[in-house]
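Please look over the chain shown below. A short briefing on its fold and on some selected sites follows it.

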Amino acid sequence: MSGWTRRQFLVRLLPAALGAVGSACRAVARPSPTPTPVPPTPTPRPSPEGVVAAFLEAMAREDGAALWALLTPASQARLPRADLDALWRQTLDTAGVQAVETQALALIQEGERAQARYRVRWETALFGWLEAEGTLDLRLLPEGWRVVWRDGLLWPALQEGERLQVEYIIPERANLYDREGQALAAQGEWVEIGVVPGQIVDEKMLLQRLSQATGLPPETVQARYRGGRPDWYMPIVALPAGRLAPWAADLEATPGVVLRARSGRIYAGVAPHVVGLVGKIPPEERSAWRRRGYRGDEWVGRMGLEAWGEPYLAGTHGGRLLILPARAEEPPRVLAERPFQPGRPVFTTLKRDFQAQVEQIFGNRTGAVVVMDPRHGEILAMASGPAFDPNALLQPGAAPPPPGAFLNRATQGLYPPGSLFKIVVMAAALTHGFTAASTFQDPGYWEGLGPGYRKWCWLRTGHGVVDLPTALAASCNVAFYQIGFALHQQDPDLLPRMARAFGLGGTTGLQELPEAEGLVPDAAWRARQGGRPWSAGDTVNLSIGQGDLLVTPLQMARLLAAVANGGTLYRPRLVLRLGAAPGQPEATWPPEPQGRLPVPEEALAVIRQGLLGVTTHPRGTAPWVFRGMPFPVAGKTGTAEAGPGRPPHAWFAGYAPADAPELVVVVVVEHGGQGSAVAAPLARQILEAYYGLPRTPFPTPPPQPDR
């Protein structure tokens, strides 16, 4: 649109009105010819054209301070700078303006007065583009040309004292469902329970009934209304109407109890870190939300899928943009109007009942679980502990959850992977000189870095002679020390490069939730830290998943999925489809391959052989955990050091059935101890829950500590 200003300002004045000024003026400086030396002369005052250009530029960039600086002193006295800035922003916020464009049209000057005609366009969130023509009145004063303020400069249709207002039509928020149509978050009826102290007849009965209905101790209920005046309504708690139904009649018949119904968000109580939470718009964000077409007092998605899905779930507000006359007795005038668009339901990849079982199995532990379909990257369950109750947080005066409860450890928790990383090391070995038949001698320690740098195997008596698949199955540290050392001699960056090719050190591409990138250390990273140079000892540490290496559980799930499915790295996803809405058909997303592991199929087959040996080979680290399973499970245990004096993190990552993978399960328990003793039994119970099998109690670990 030639001649328009949009943020970066461009003014075009009509040549007939401007004469020698030329066809265009820009807010940015233009190169000028080399000046001819002349005697100093007084600096000329800005022309009316220059003031018009500056004023329209300030309008386009929403700069209230610059607008105020160009006003006449009389206008400035009548409208202080802070007031103008607030009025300007309030007007734009009210209309939901997202962009401002201005265009100068013509200028007429008569002596010390001038008038400029201009066009202004607003791009608004609710009403689309609005366009109008207005005028600027200018006066020549001793300090130069200045603009006379009038309210029509806010929007040309406004007369003095008039303001804009929006009457909103807000659609009901759409629901979040699991893949089978079971609600995860839905609009429903809440009942707020309150007490009017002065109406209490039998306090003992009141406390007994309220405690029974709410689950709160009687003393907690009493504390919430104690101190209120006799005629005050004191809110106690709000509960979903369905949950309160068995006690509603008794409560309504209890003097002093008041029940108030309201609509609101009700959560199914599973996957809180994934489903997320709604909340009221904070005051400091209100202006930004109003620019998006919101009224400013709505409940909006604050985290999880509720936040990601806000544009779909909330729909689009409708309403009328009104001009309110200065005189209250006059009717408002309609400037623009738009119908609302209903929200669109979001169907996730989760299985609600299975998710609930996963959370029950994981219990109150700290850590995370990810369950993924390796065939296309769909996430079937994702749990993070500690968790929180979103329904409780919607209560009036709710206490905050425990510290760290909002952190989704499945996507943002960073952990050393320990022996899980040996999968990557084995892939690097098989593509750089080692074979399945390569053998390693493990006496229980390794001194390849020198006698003064002895490194131990977790099995102090050693594994003896092992080939490569057995080394993975038995998690033989000494074998992987030797591999890491040999790879370092070839290229110090070889192992870090393979780790990144397996998806570590960067986000997985999950679009619905925030992720941590993790860290794959290498020589360049070490140099940026300013420490000692990268050495063979660093690569040897890296070869057993220790050192500075950090991963997320989701990264490990995606890695295992690629090994299981033949080498394809899929983008993990949590949303299956968007429901239809008027004029908008149902939307689905196909699986999205993002790359392939740089490992041939024959090498992947050797890795899968080692992973199957973890659960089936006599020397594996977890055959005693998976004994009796009706299908084979392949996987890797891990016990990752977590700092001096602290128990290690317990890992298990695997897939099943091993011969036709349908499910990847990754479990990490912070400071949980041995991976085979803690994480692997949890993974078995999760597999049993998915396939409808009886849940096996935790087995007793064998006398020899396994990894």
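The model is predicted. Its protein chain holds 24 helices and 30 strands. The chain is more spread out than a compact globule, because its radius of gyration of 34 Å is well over the 27 Å that the globule rule gives for 707 residues.

**Overall shape and surface**

- The C-alpha trace of the protein chain spans about 105 × 90 × 45 Å along its principal axes.
- Of the 707 residues in the protein chain, 54% are buried.
- Take the contacts between residues at least 6 apart in sequence: 68% of them join residues at least 24 apart.
- Charged side chains number 68 positive and 65 negative. The centres of the two sets lie 2 Å apart.

**Helix H5**

- Helix H5 covers residues 81-95, which is 15 residues.
- Its length agrees with expectation, because 1.5 Å a residue gives a span of 21 Å and the end C-alpha atoms are 21 Å apart.
- The buried residues of H5 include Leu84, Leu87, Trp88, Thr91 and Leu92.
- Asp93, Thr94 and Ala95 are also among the buried residues of H5.
- An α-helix has 3.6 residues a turn, so residues three or four places apart point the same way.

- Helix H15 runs over residues 422-430, and the loop between helix H14 (390-393) and H15 holds Ser419.
- H15 is mostly covered, with nine of its nine residues buried.
- Lys422 is one of these buried residues, as are Met426 and Leu430.
- The buried residues of H15 pack against several helices, among them H16 (468-474), H17 (477-490) and H18 (494-501).
- Helices H21 (553-565) and H22 (601-616) are also packing partners of the buried H15 residues, and so is strand S28 (634-640).
- Ser419 counts as buried because its relative accessible area is 3%, under the 20% cut-off.
- Beyond its neighbours within four places in sequence, Ser419 is in contact with Ser475, Asn477, Ile544, Lys636, Thr637 and Gly638.

**Leu136 in strand S6**

- Strand S6 covers residues 128-141 and contains Leu136.
- Leu136 is buried, with a relative accessible area of 0%.
- With neighbours within four places in sequence left aside, the contacts of Leu136 include Val52, Phe55, Leu56, Ala114 and Gln115.
- Ala116, Tyr118, Val147, Arg150 and Leu153 are also among the contacts of Leu136.
- Glu359 is 223 residues from Leu136 in sequence, and their C-alpha atoms are 65 Å apart.

**Leu576 in strand S25**

- Leu576 sits in strand S25, residues 575-578.
- Is Leu576 buried or exposed? Leu576 is buried, because its relative accessible area is 16% and the cut-off is under 20%.
- Not counting residues up to four places away in sequence, Leu576 touches Arg179, Phe347, Thr348, Thr349, Glu378, Thr588 and Trp589.
- Leu576 and Lys422 are 154 residues apart in sequence, with 33 Å between their C-alpha atoms.

How values were computed: Residues are numbered from 1 along each chain as its sequence is written. This is a predicted model: local features need pLDDT of at least 70, side-chain atom pairs count only at pLDDT 80 or more; totals for chains, interfaces and linings use all residues. Side-chain values use heavy atoms; hydrogens and water are left out. Helices (H or I, at least four residues) and strands (E, at least two) are DSSP runs, numbered from the N terminus. Buried means under 20% relative accessible area, exposed over 50%, partly exposed in between (1.4 Å probe, protein chains only). Contact means heavy atoms within 4.5 Å. The radius of gyration is taken over C-alpha atoms; the globule rule is 2.2 Å times the number of residues to the power 0.38. Lys and Arg count as positive and Asp and Glu as negative; His and the chain ends are not counted. The place of a charge is taken as NZ of Lys, CZ of Arg, CG of Asp or CD of Glu. The expected span of a helix is 1.5 Å times one less than its number of residues.
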